[in-house]
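Have the structure open and follow along.

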Protein chains: 2
Amino acid sequence: MGSLALVDAPMQPLDPEALAGDSNAVLDFLAEYYRDVDKYPVRAANLEPGRLRELLPKAAPEVGEPMEEVLEDVRRDILPGLTHWQSPRFFAYFPMNASAAGLAGEMLSVGLNVVPFVWAASPAAAELETVVVDWMAQLLGLPRRFMFSGGGGGVLQGSTCEAVVCTLAAARDRQLARLGHEAITRLVVYSSDQTHAMFQKGARLVGIPPSNFRAIPTSAASGYGLTSDAVRAAVDRDVALGLVPLYLCATVGTTGLGAVDAVREIGDVARRHGMWMHLDAAYAGSALVCPELRDYLDGAELADSVSTNPHKWFLTNMDCCCLWVANPRALTSALSTDPEYLKDDVGIDECTGKPAAIDYKDWQISMTRRFRAIKLWVVLRRYGAAGMRAHIRRHVAAAQWFEQAVAADGRFEVVVPRRFSLVCFRLAKRCVGDDDAAANGANRDLLAAVNASGQAFMTHFVVDDRFLLRLAVGGASTELLHVKEVWELLQGKADEVLQRYQRKAHRM
Amino acid sequence: MGSLALVDAPMQPLDPEALAGDSNAVLDFLAEYYRDVDKYPVRAANLEPGRLRELLPKAAPEVGEPMEEVLEDVRRDILPGLTHWQSPRFFAYFPMNASAAGLAGEMLSVGLNVVPFVWAASPAAAELETVVVDWMAQLLGLPRRFMFSGGGGGVLQGSTCEAVVCTLAAARDRQLARLGHEAITRLVVYSSDQTHAMFQKGARLVGIPPSNFRAIPTSAASGYGLTSDAVRAAVDRDVALGLVPLYLCATVGTTGLGAVDAVREIGDVARRHGMWMHLDAAYAGSALVCPELRDYLDGAELADSVSTNPHKWFLTNMDCCCLWVANPRALTSALSTDPEYLKDDVGIDECTGKPAAIDYKDWQISMTRRFRAIKLWVVLRRYGAAGMRAHIRRHVAAAQWFEQAVAADGRFEVVVPRRFSLVCFRLAKRCVGDDDAAANGANRDLLAAVNASGQAFMTHFVVDDRFLLRLAVGGASTELLHVKEVWELLQGKADEVLQRYQRKAHRM
């Protein structure tokens, strides 16, 4: 489609030829990208701010340009500046899975481009969402109370942060309805010092005073998981001060260490104080598709809400976060703009026993929403429960292999026992003159050397003042082979780093 | 790729053959869909809750299924339950544009699947976003202060609701830093009675007491736009009560009527009271690409923030909302989880004059984010400024034609003067016995008859107790031809409805 045609003839943005031309060009591009992604430096080599801005024109073009030129610019100007999350050698943060089915599902979502914000605006899209969140709850072994078929229900949002903001607002408004709005300054929220920073951000966003945010200390003794004793102590202190315990965020698989809070124990404390307990399983939730990993869920029935991100480790391209609540009414009371209208629109119709129409705009922050359900549904259909279990197990097995390799190498130590597919490890202090600062320095250097090689990308964490490296196994294309290679790389770099530190110690 | 392969062989979710197979099947499906979408009833015919749930299995499949079967189920079970937002005969709500370039851009975004939440996590993705929001600001004629090149800056979010929540939090925290957190119960927010419900929802979400939400009345005299007199009166009342004016939401192109607030006048009031003024141009912002429609922007430099949704009328598939702020620091102060760290990371580096690295996680609610920039960038590259102007102008011209047709037909009346491409009209009261209730009833019946025909989908609004019909022209494939056809349809249905009402009046 020539550029001039765009100006002279009526535009046909959905013209079949334009559609085929543009989309096929992108598919070819992506096929090439996935084929070659292993060869790029994993972390962007071009880190200088302003570089891309200099390469691109100062303004949008006046006249449209051919897709081939656009893709050529992506290849030349943009790819070198990307960090390649789909590289099999990406072990940083947590994974963000892409897959053929996830892409196909997203293409359906964005191609149909319907907006299931109220029922009539696309009934089947809203209803598919109710079906797919029930399927997911069942697959992950969640208590029935979080399913529509069990009186609860779920929604697909964009991120855990959104899910936490929505449930915080629900918990807040339930308390303020009782206490009056001025009590907002007395509401207190709890998490561990390992909880993702999004929780503090979310609490602040809904108006909880920053001074009423408790990051309860954890320690190696509990594997950096929250214990009931610690929660009870914190809550009792606040109650004695006349404050109101509002919300407890429990995590299964923390970002830094993969730690797991003692869900049942702390859930009991939350219940006793009338707190809302949210279970954040952003990363590890996907692993619960494997029955052998479900012990961590023990006590989940004490939670008021649960969330997990299939866009992390469940082959569902960005973005997709499942949020389930035991009591949808609490959520919609806080988020509905027209509460009366909804009165009979949530959950199961009591007369017919059938699910009633759902206006999902009242289950989330935004009114507008995408048809995410079809993406997750395509992923589940294409790979099936067996496929997803195989996907998780190969990564858990690879992480297990890596953990054993680390443990067997005298220069290294595993910092916390591995759960799921995250291994936290470091060069042992004893190898760097038994000096804390030197150990941290050596580990920083080791990470920098690995990342600078371009052959892998990992990120770090600090716990008890110890700098450690995180190997998060979970990329869609990551196999044991890649984990073995990164281990070789680490061993080589460790030699270099340790020699440097030993020379340094020698000179002193 | 056979299903068994998924279980027996290692999974290869990004295998080139699987990718090509699944994606091409979806592309064929979408091409067929766009070809036939004109033939489906525009509003879903199947509105019965629970219907799809009955058709689908109770659980995810154990073993993966072929893409062809999945798509067959979409065709058979899901399509009949969708309301077709991409039908050229979709005139409801506001449009949600799909396009070949938007789909291609989204495929790139979701295929690359990078996460530009902090700079290092994908520098070029973050930087492309800074470029593309500057391009957009320039294209729409926004004041320079909202561009990175002018000391402000922009971000791509998912929806206006998110943009409003973020700016409300910024305004709130700026005031609370001065007044202390307990002052949160004295903060007041202002909008008109025509402002989108998302504003009330957003204000409540950030902890503003619902009793401190002012929906200032508008009237026909100002075309249902906010006037400075009305704002001043409301603000003065609150100040006299010891309350603190916080935030004013001005709209260019309201959802119900397409009304435009007197931006310059009310901006002066906002300034005088130290309020944050946000300019919500969710729908009409796209139209500002046409210089002849830019008068409505007069006074925009008095705003603290502006937002518009390219996913509505700018050929950018869901989701994409541009938010610009004059002072990025105000935003990041409220939304950063690590404010110190950011101190030199916003806007232009004062020494080099170059844009510094941006951690976009601190510009939005969520930490996680998609690479939306590449989608909007592909749209701008493919269609160019000229293409976008042509796209907007054909719809404005078609709406103009419709408005004139309505005005020329004695049975109908235009309720408010058309701005942009939304026409608000109704059967005139004089044709239904000069009776208010009958007029509303007749218009309700007319809308129901049009929507039941399946040949068009429109939605309604109520202003000054008058029920009216909204024709929102803006679908990606909508041409004058379709507007002419819906006018014919309306005329035919009007005959039927009016005859019924006249017979009824006769019998009484």
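Two strands count as paired if DSSP finds at least two bridges between them. Strands, like helices, are DSSP runs numbered from the N terminus: helices are H or I with at least four residues, and strands are E with at least two.

A word on the ground rules. This is a predicted model, where local features need pLDDT of at least 70 and side-chain atom pairs count only at pLDDT 80 or more, while totals for chains, interfaces and linings use all residues. Residues are numbered from 1 along each chain as its sequence is written, chains are lettered from A and ligands numbered from 1 in the order in which they are written, and side-chain values use heavy atoms, with hydrogens and water left out.

**The sheet in chain B**

Chain B has an open sheet of 7 strands in the order β1-β7-β6-β5-β4-β2-β3, with mixed pairing. At its edges stand β1 (153-157) and β3 of chain B, each with a single partner strand, so one side of each has no neighbour in the sheet. On average, neighbouring strands are turned by 20° against each other, direction ignored; axes here are lines fitted to C-alpha atoms (for helices, over the stretch in contact), and angles run from 0 to 180 degrees between N-to-C directions.

Here are some of the strand pairings:

| Pair | Bridges | Direction | Residues facing each other |
|---|---|---|---|
| β2(B) and β4(B) (residues 244-251) | 4 | parallel | Leu187(B) and Val244(B) |
| β2(B) and β3(B) (residues 213-216) | 4 | parallel | Ser192(B) and Ile216(B) |
| β1(B) and β7(B) (residues 321-325) | 5 | antiparallel | Gly153(B) and Val325(B) |

Val189(B) also has a bridge partner in β3(B), namely Phe213(B).

What about helices on this sheet? Helix α6 (residues 123-139) of chain B lies across β1 and β7 of chain B, at about 105° to β1(B). Helix α10 (residues 263-272) of chain B packs on the sheet too, touching β4 and β5 (276-280) of chain B, and its direction makes about 155° with that of β5(B). Contact means heavy atoms within 4.5 Å.

**Strand β2(B)**

Is β2(B) buried or exposed? Buried means under 20% relative accessible area, exposed over 50%, and partly exposed in between (1.4 Å probe, protein chains only). In β2(B) (residues 187-192), 6 of the 6 residues are buried, so the strand is largely enclosed by the rest of the structure. Leu187(B), Val189(B) and Ser191(B) point one way, and Val188(B), Tyr190(B) and Ser192(B) the other.

**A helix pair in chain A**

Over in chain A, the axes of helix α13 (residues 372-408) and helix α15 (residues 480-507) come within 9 Å and cross at roughly 25°. That makes α13(A) roughly parallel to α15(A), a label for angles under 35 degrees. Where they meet, α13(A) brings residues including Trp401(A) and Phe402(A), and α15(A) brings residues including Val483(A) and Trp487(A).

**A loop glycine**

Gly150(A) sits in the loop between α6 (123-139) and β1 (153-157) of chain A. Gly150(A) is partly exposed, with a relative accessible area of 33%. Gly150(A) and Ala326(A) are 176 residues apart in sequence, yet 8.6 Å apart in space, C-alpha to C-alpha. Leaving out residues up to four places away in sequence, Gly150(A) touches Arg144(A) and Arg145(A).

Key:
Parallel < 35°, antiparallel > 145°, perpendicular 65-115°, else oblique.
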